[in-house]
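Please read the report below alongside the sequence and the model.

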Amino acid sequence: MKTKQQMQQESKQLKKTLLFHNTIMSEIRKKYQNVDNRKARQLISKLVAGKILKKYHLVTMAKKEFGFSTKLIRTNMTRADKLKYNNIKHQYLSLRALKEKIDEDSIVLQIDFAENYMCKFSNDIQAVHFGDSHQQVSLHTGVAHTKNGVVSVCTISSSMRHDPSAIWAHLKKVLPYLKQQNTAATTLHVISDGPTTQYRSKNNFFFLSKVPYELGFKKVTWNFLEAGHGKGPADGIGAAVKRQADSLVAKGIDLPTGKVLYEQLLNQQSTVKLMYITEGEIEEMDSLLPDDLLTIKGTMQIHQIVSTRPEEISWRVLSCFCADPHPCQCFGLKKVNILGAQNMETALGSPSSSTLTSTSQPIIDLHEGLIGSWCVVRYDGDPYPGIIQDVDPEGCALVRTMSHIGKKQVILAYERRCYLVPARRCDQAGPRASTSNKEACDGGANSLERNMLCS
Ligand SMILES: [Zn+2]
């Protein structure tokens, strides 16, 4: 029951908000009547229609979720910042949508290492601050979104290793547990941040194309959040586990090792599912690693790895689930063979080394994620390959296209302003960004064609 005072306070708050709202609306109305140019009128109507409010909402959310400053958007961002901001926004929105529309076929697992736990003795809490001879414990946390609800897991290990072998020793415990609870699930979506040494490395790519299949999954995607995002759900789980451990110590229970910590925590009531990983289990994963795995060029650009067959992976610069559960080719999905293939160099690498292939897609919607991508520009009926330099919201792209010098040499020479043709008619003179291939996402009729580019 709310107290009388609370209710009074709430109604005061409401009155204040309504008054504020009213004042703003009448201000806007007055402004609208007074402007005579079309652009300003549009801006005001957009504001009223809530578009700006929506954007503001998104910005606030991004700030809350990633610690991303709204100041950065207001001040002049550099191209790299803009790109990074757009990547963060894209990854956040597509992964949030993935969690929201979860069905019984899939499991979305967001993972991260929490800060190590320092083992404690009940009688020398003081000594902990010096961290001298106390053992440390690794905590690998996960939040699983499934049709049956959200599950929090924390795997505990005395090993300080945080490399791919360790990650997969942890996951090898977690995944069967999740599979057991969601027997129909065949697709595993993993979300992690992406420091190169841990999750975004060839050893991790190898394991993800292998271990889940052995556990009964048929498709795996691994999605990377842009570096520099804020606190994730993993921090919350890590903190909860540590809090529980500290309360045990306060009650006089010694926690000298990871194993004891695990056993003691098991006796406690907790919503976090706990598991223990031995050093031997991590070494076992080591032995599965082939020693001639190939490194993928431009690893830092990768935001999604897709695997639909054991030991096969593809990657792209941003995550996409538009044709789920079918695969789609958006954002220049590229297949790679980390186990060693002859034509690795052409299949992979930076945009400049990729070739125009039949997998190219029509560009339906121009967005800043396409900056740096290859496209085909049609000019006087001839196609010209080029790299997108900039895009603006009006559907116009600046493309640096290739041209011949003499008979043999080809250089990226001309910057051309291009208008997207399929989406809107182009009335201006100039070359047109065009579709090089009519194929859309190969996901079928219901795929949202929004981000096709020529690779
Ligand atoms: Zn797609």
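## A strand covered on both faces

Strand β5 (residues 219-225) has both faces covered. Lys219, Thr221, Asn223 and Leu225 are buried on one side. Val220, Trp222 and Phe224 are buried on the other. Seven of the seven residues of β5 are buried, so the strand is largely enclosed by the rest of the structure. Here a residue is buried if 20 or more other C-beta atoms lie within 10 Å of its own, exposed if 12 or fewer, and partly exposed in between, with C-beta atoms placed from the backbone. Strands (E, at least two residues) and helices (H or I, at least four) are DSSP runs, numbered from the N terminus.

This is a predicted model, in which local features need pLDDT of at least 70 and side-chain atom pairs count only at pLDDT 80 or more, while totals for chains, interfaces and linings use all residues. Residues are numbered from 1 along each chain as its sequence is written.

## Partners of β5

Two strands pair if DSSP finds at least two bridges between them. Strand β4 (residues 187-193) pairs with β5 in the parallel sense, over seven bridges. Leu188 stands opposite Val220. Ile191 has Asn223 as its bridge partner.

On the β7 side, four bridges join β5 to β7, and the two run antiparallel. Asn223 stands opposite Gln304 there.

## The whole sheet

Nine strands form an open sheet with mixed pairing, in the order β6-β3-β2-β1-β4-β5-β7-β8-β9. β6 (272-277) and β9 stand at the edges. Each has a single partner strand, so one side of each is left without a neighbour in the sheet. Neighbouring strands are turned by 25 degrees against each other on average, direction ignored. Axes are lines fitted to C-alpha atoms, for helices over the stretch in contact, and angles run from 0 to 180 degrees between N-to-C directions.

Helix α7 packs on this sheet. The helix touches β1 (106-118), β2 (136-146), β3 (149-157) and β6. Its direction makes about 135 degrees with that of β6. Two residues are in contact if their C-beta atoms, placed from the backbone, lie within 7 Å.

Strand β7 (residues 304-309) and strand β8 (residues 312-316) run antiparallel, joined by four bridges. Ile305 stands opposite Trp315 in β8. The two strands form a hairpin with two residues between them. Glu311 sits in that turn, with a positive phi of about 65 degrees. With 13 C-beta neighbours inside 10 Å, Glu311 counts as partly exposed.

Three bridges join β8 to strand β9 (residues 334-336), again antiparallel. Trp315 has Lys334 as its bridge partner in β9. The loop between β8 and β9 holds Phe331. Its phi is near 55 degrees, a positive value in a residue other than glycine. Most residues other than glycine have a negative phi. Phe331 counts as buried, with 23 C-beta neighbours inside 10 Å.

## Helix α7 against α12

Where do α7 (residues 164-181) and α12 (residues 279-288) stand to each other? Their axes come within 8 Å and cross at roughly 115 degrees. Ser165, Ala166, Trp168 and Ala169 in α7 meet Glu281, Ile282, Met285 and Asp286 in α12. The contact residues divide into five nonpolar, one polar and two charged. Ala, Val, Leu, Ile, Met, Phe, Trp, Tyr, Cys and Pro count as nonpolar, Asp, Glu, Lys and Arg as charged, and the others, Gly among them, as polar.

Leu288 is also found in α12. Leu288 counts as partly exposed, with 13 C-beta neighbours inside 10 Å. Leu288 and Phe207 are 81 residues apart in sequence and 8.7 Å apart in space, C-alpha to C-alpha.

## Chain totals and confidence

The protein chain has 13 helices and 14 strands. Of its 455 residues, 33% count as buried. Among contacts with a separation of 6 or more, 64% join residues 24 or more positions apart.

The chain averages a pLDDT of 75, and 66% of the residues score at least 70. pLDDT is the predictor's confidence in each residue, from 0 to 100. pLDDT stays under 50 over residues 341-359, for which the model has 30 contacts beyond four places in sequence. It also stays under 50 over residues 422-455, with 103 such contacts. Where pLDDT is low, the predicted coordinates should not be read in detail.
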